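Dear colleague,

I am passing on the structure below, and after it you will find my notes on what came out of the analysis. Please read them with the sequence and the coordinates at hand.

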Amino acid sequence: MTSEPAPRQVRLGAHFPGVNNTTVWSDPASGSHIAFDSFVRLAQTAERACFDFFFLAEGLRLREKKGRIHDLDVVGRPDTLPVLAALSAVTEHIGLVGTMTTTFNEPEELARQLASLDHLSGGRAGWNAVTSPDAFTGANFRRGGFLAREDRYTRASEFVALVRRLWTSWPDRVVHAGRHFDVDGRFALPRSPQGQPVVLQAGDSDDGRGFGATHADGIFTLARDLDGARAFSADLKARAAAAGRDPDHLLILPAATFALGDTAAEAEVRAAEIRRQQVSGQTAQQFLERYWNRDLSAYDPDGPLPDVDPLPEPEDPLLFQGQVRPTGDVAGQVRQWRDLADEKDLSLRDLVVEVSARQTFVGTPADVADQIDHRVQTGAADGFILVPHLTPGGLDDFATHVVPLLQAKGVLRTSYGGATLRENLGLPAVAPDPPSPTDPPSPSSTARRPA
Ligand SMILES: Cc1cc2nc3c(=O)[nH]c(=O)nc-3n(C[C@H](O)[C@H](O)[C@H](O)COP(=O)(O)O)c2cc1C
């Protein structure tokens, strides 16, 4: 008799809803985005629901338009590492993953900070490596705009390889002379409980994919429809195999938003309500400005689409400070949206609600559990980084209603099995160096918190 193979496990991350486009901070149920209580509440909810990790994005400079802060950014954003370090004291099992750029940091500094977090948390540290290209952000730092687009990933690759080497180097001397870094020294910390904290990567271009498939343990990517997600996952796994890696050791973790209801119809209504909350009039204008390449603040968000055509490049430098502009056939996209708005009689804001903010999963808890499971079992993803729209209670309904259904399917743990994030994610342990007579006592045995 042949037995059924075990189902693939669903990996789950909990994205703290900071200053991103899906966050609704104007809702009466929305709490502080910078108070420690908010971080604790979301992290502890995710831990009770057996998520793999808590996740922080990074924005190193608030976005601006014509010298005024973007309306979504006025809530501010604390620095990642102190938040994660503080959370390590009020959680026990959940991984703590922070986004940090390879463009404006230094490898030794970041390696030391993450290794420290790994020691403090007993092996729960993770790093989402990003390249944060824009010169406006760079101008916040001592090097100004710094680093041409084409150099971002050569620096990132050298950066991550050097960080990994530093993590496992102690007590030996590290000598590295490369294109971007010249290091000759000794790392300040003994090997941390994970040996190497978990490394994720976010950045979907061809160079970004190549970098992630070679250096990362997991990829944080945009939400896509089922076919698009399958194609993305297949591409990244093939790149990992071509780099000589086991494709199962590269986890594909798309962002996912959700709306729940007692019936499918109720969930659709709720999803539409949330989308309208997410897209204020100003947000709608700013979304379209990135395509029109001109200031649209004079156009009524509840009126028709602007009757003017998009401006050719170059962009107005004061209009998009800290914002990523779309690439590809922008004129074609604008034509398509005009047709859609005519056909459905959509206002400027209606159009943006329609095209920008659709949730990944909408339905009853059973529908959503089925959709998540289906995507994982069919190779479209290894799991999801859930992005709730409310702070700090945005995961409550998911944790209460969807998580038990995933557990009942046998695709989500009911308690943490591993001691480290690496183990919980099913990633290979980093093999320890053979002990030498000069080695001090194992740091992991003294640094781990009691079970
Ligand atoms: C899903 C996703 C999440 C990202 N999150 C961040 C972030 O939190 N902070 C940041 O500075 N950049 C973030 N990035 C930007 C990337 O690091 C990168 O700079 C950008 O995507 C451009 O690189 P690319 O051309 O390879 O996509 C993110 C990108 C993606 C796709």
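With which residue does Lys65 form a salt bridge, and how far apart are the closest N and O atoms? The partner is Glu289, and the closest N and O atoms of the two residues are 2.7 Å apart. Please bear in mind throughout that this is a predicted model.

To put that pair in its setting, the protein chain is divided into domain 1, which covers 11-263 together with 361-424, and domain 2, which covers 280-356. The centres of the two domains, taken over C-alpha atoms, are separated by 30 Å, and the contact between them draws 10 residues from domain 1 and 14 residues from domain 2. Between them, domain 1 and domain 2 bury about 1,100 Å², of which 45% is on carbon and sulfur atoms. On the side of domain 1, Lys65, Lys66 and Asp71 supply 52% of the area buried against domain 2, which is more than any other three residues supply.

As for the interactions across this interface, two salt bridges are counted between domain 1 and domain 2, and the count of residue pairs in polar contact is four. The residues with which domain 1 touches domain 2 divide into six charged, two polar and two nonpolar.

The other part of my notes concerns the ligand, which has 17 residues around it, and of these Glu58, Ser132, Arg149, Tyr153 and Ser205 come nearest. An N or O atom in the side chain of Ser205 is 2.5 Å from an oxygen atom of the ligand, while a polar side-chain atom of Arg149 lies 2.9 Å from a ligand oxygen atom. Ala202 takes part through its backbone, a polar atom of which is 3.0 Å from an oxygen atom of the ligand. The ligand on its own has 620 Å² of accessible area, and the protein covers 80% of that area.

How values were computed
Residues are numbered from 1 along each chain as its sequence is written. This is a predicted model: local features need pLDDT of at least 70, side-chain atom pairs count only at pLDDT 80 or more; totals for chains, interfaces and linings use all residues. Side-chain values use heavy atoms; hydrogens and water are left out. Domain bounds come from an automatic or database domain assignment. Contact means heavy atoms within 4.5 Å. Buried area is the accessible area (1.4 Å probe) that two parts lose on being put together, summed over both. A salt bridge is a side-chain nitrogen of Lys or Arg within 4 Å of a carboxyl oxygen of Asp or Glu. A polar contact is a pair of N or O atoms within 3.5 Å; within protein, one must be able to donate a hydrogen and the other to accept it, and residues adjacent in sequence count only if both atoms are side-chain atoms. Ala, Val, Leu, Ile, Met, Phe, Trp, Tyr, Cys and Pro count as nonpolar, Asp, Glu, Lys and Arg as charged, and the others, Gly among them, as polar. A residue is near a molecule or strand if one of its heavy atoms lies within 4 Å of it. Accessible areas come from the Shrake-Rupley method with a 1.4 Å probe; for residues, only the protein chains shown count as cover.
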